[in-house]
Amino acid sequence: MRALTTALLVVVLATSCSNTESDQVAELQLEMNAEEPTATPTTEPTPTTQPAPTTEPTPTTEPTPTTEPTPTTEPTPTTEPTPTTALGLERPDGPTEAKKAQCEDKGTYTYCTGEGMPVVVGAPDLYGQVIEYSPEMICAGDLDTRICEEAMHALLLAISVWGNYGPLEYYITGIDEDAGQALVDFYCERRAERNGHRLSDCVQKQQEWGMGLENARFNNERHLESNSAGGAVASSSESRELNILQFTASLPWGLDESYLGPKPTTTGYDAQRLVFHEYFHGIQHSALTSPNGAARDSKAGPRWFREGTAEYMAQLETHRQRANGNLTLTEIGGQGDYDFHFWMRIYLQLSKQTFARCGGFLADSGWGDKCDDYFAAYGAGAWAFAYLTNRYGEDSLLEVLYPVIEEKGFEGAFLHTFEITVEEFYVEFENFFALPETEQMAILPQ
């Protein structure tokens, strides 16, 4: 499967890519190779509590004769109410000014927050709500602090555009084993303190789980040894049970060009795009507020929708933020170009070739389906939302669909937003996919 995809990349590049663009496509190939199916991981079960026993209703009695009023006493001081889960996704009034990243070297790790933003205490349930709390980014101690600063800068910028959801914990792994263990220790001590997890069980899980911190660190080490620095950020769906949005990230190679060698295959701008992509997944998670994992998954929509919308929104927004000068790199970041329209054209061409090979279309791009492929899900999925955006407006997803997806489910929210069924959309979009490429590219924002 991966050999076929590589061959497809060569075919496209032979006809349409410059040398610089070839390097960029190689970068996407590395990202694709690193992608693991993001099936919902098993989570540590939340301890169940015994239901409070029901009491018999108090029998109705004859009214008590009126007595002298009891003297009033001082009222008991009220406590802050426990935050309640929102029904659906709450939306901010509009974009806000991005906060500045402030990072501190803690010796065994780097800790970043947004300047002037409070940090949450405990584990309040704020899912689906716009919050005031700062995201927290914790980076392995063997990484240059500037990597963490740049990643945090991208995260705060995404939050300023799309709204602040969380509380959010974002972990970036390095290469050194001791630094990796210190990151595991930080994470598990927090889970023990805030969520009541057993420390030893948490450490074991993070060392053995495929989406755990140690596996991410090991993959960094393996990529560096093979001179193929790359790999995608992976989000964790266990975060609902912890009342947080949680992300575990491989090393964002492009933010430190010392890892990249003489012929870079990724850039700092691509690393920033991945941060935007993953944060958009956080918004998707926030919109599904049910504590029941199966219920959330049943409403989230197919793979092409989850990944395609995150990819398109990240591609488009980082393109805009670079253009207006907000998205920049430090002196150690890989400065190579990253072009939105170039990558959308590559996605278009390779997804068409994928569908021709697999004999299916967008509906067949789920895990294990006959068109289970990066370009079918991410590439064609991004184009599916580009098409919907062109017809129904950029606000249709965040302002209309996601606020009602908890109530209506994916198909109901889709019909509510776009006024067509998902099946009708598949037919409409397949007709669009048959148009000449020039007409397809013309729908993209400039």
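A residue counts as buried when its relative accessible area is under 20%. Ser351 has a relative accessible area of 0%, so Ser351 is buried. The model is predicted. The protein has 446 residues, and 54% of them are buried. Its secondary structure comes to 16 helices and 6 strands. Among contacts with a separation of 6 or more, 76% are between residues 24 or more positions apart.

**Ser351 and helix α11**

- Ser351 sits in helix α11, which covers residues 340-358.
- Beyond its neighbours within four places in sequence, Ser351 touches Phe375, Ala380 and Phe433.

**Packing of α10 against α11**

- Two packed helices are described by the angle between their axes and the distance between the axes.
- The axes of α10 and α11 come within 10 Å and cross at roughly 160 degrees.
- An angle over 145 degrees counts as roughly antiparallel, and α10 and α11 are therefore roughly antiparallel to each other.
- On the α10 side, the contact is made by Glu311, Tyr312, Gln315, Leu316, His319 and Arg322.
- On the α11 side, the contact is made by Phe340, His341, Trp343, Met344 and Tyr347.
- An α-helix has 3.6 residues a turn, so residues three or four places apart point the same way.

**Helix α10**

- α10 has 21 residues and reaches 30 Å from its first C-alpha to its last.
- That reach is close to the 30 Å expected at 1.5 Å a residue.
- α10 is mostly covered, with 18 of its 21 residues buried.
- Gly325 follows α10 and has a positive phi, near 85 degrees.

**Helix α12**

- α12 has 19 residues, which should span 27 Å at 1.5 Å a residue.
- The end C-alpha atoms of α12 are 26 Å apart, which agrees.
- α12 is mostly covered too: 16 of its 19 residues are buried.
- Asp373 caps the N-terminal end of α12, with a side-chain oxygen 2.7 Å from the backbone nitrogen of Phe375.
- Gly393 follows α12 and has a positive phi, near 100 degrees.

**Salt bridges**

- The structure holds 21 salt bridges.
- Side chains of opposite charge can pair when their charged atoms come close.
- Glu169 forms a salt bridge with Arg190, and their closest N and O atoms are 3.3 Å apart.
- This pair links distant parts of the chain: Glu169 is in strand β4 (residues 168-172) and Arg190 is in helix α4 (residues 177-195), 21 residues apart.
- Glu169 is buried at a relative accessible area of 1%, and Arg190 is buried at 11%.
- Arg273 and Glu311 meet through their side chains in a salt bridge of 2.9 Å, N to O.
- Arg273 lies in helix α8 (residues 268-287) and Glu311 in helix α10 (residues 303-323), so the pair ties together parts that are 38 residues apart in sequence.
- Arg273 is buried, at 0% relative accessible area, and Glu311 counts as buried at 1%.
- Glu311 is also one of the α10 residues that make the contact with α11.
- Asp373 forms a salt bridge with Arg357, with the closest N and O atoms 3.6 Å apart.
- Here too the pair links distant parts of the chain: Asp373 is in the loop between α11 and α12 (374-392) and Arg357 is in helix α11, 16 residues apart.
- Asp373 counts as buried at 5% relative accessibility, whereas Arg357 counts as partly exposed at 33%.
- Salt bridges that share partners join Glu136, Glu169, Arg190, Arg191 and Arg194 into one network.

**Backbone details**

- A cis peptide bond joins Gly166 and Pro167, with omega about 0 degrees.
- Pro167 is placed in the loop between α3 (145-162) and β4.
- Asn243 is a residue other than glycine with a positive phi, near 65 degrees.
- Asn243 is in the loop between α7 (239-242) and β6 (245-249).
- Asn243 is buried, with a relative accessible area of 16%.
- Glu419 is a residue other than glycine with a positive phi, near 60 degrees.
- Glu419 is in the loop between α14 (405-418) and α15 (422-433).
- Glu419 is exposed, because its relative accessible area is 67% and exposed means over 50%.

Notes. Residues numbered from 1 in each chain as written. Predicted model: local features only at pLDDT ≥ 70, side-chain atom pairs only at ≥ 80, totals over all residues. Heavy atoms only, no water. Helix = DSSP H or I, 4+ residues; strand = E, 2+ residues; numbered from the N terminus. Buried < 20%, exposed > 50% of the residue type's maximum accessible area, 1.4 Å probe, protein only. Contact = heavy atoms within 4.5 Å. Salt bridge = Lys/Arg side-chain N within 4 Å of Asp/Glu carboxyl O. Expected span 1.5 Å × (residues − 1). Polar contact = N/O pair within 3.5 Å; in protein donor to acceptor, adjacent residues only side chain to side chain. Axes fitted to C-alpha atoms, helices over the stretch in contact; angles between N-to-C directions. Parallel < 35°, antiparallel > 145°, perpendicular 65-115°, else oblique.
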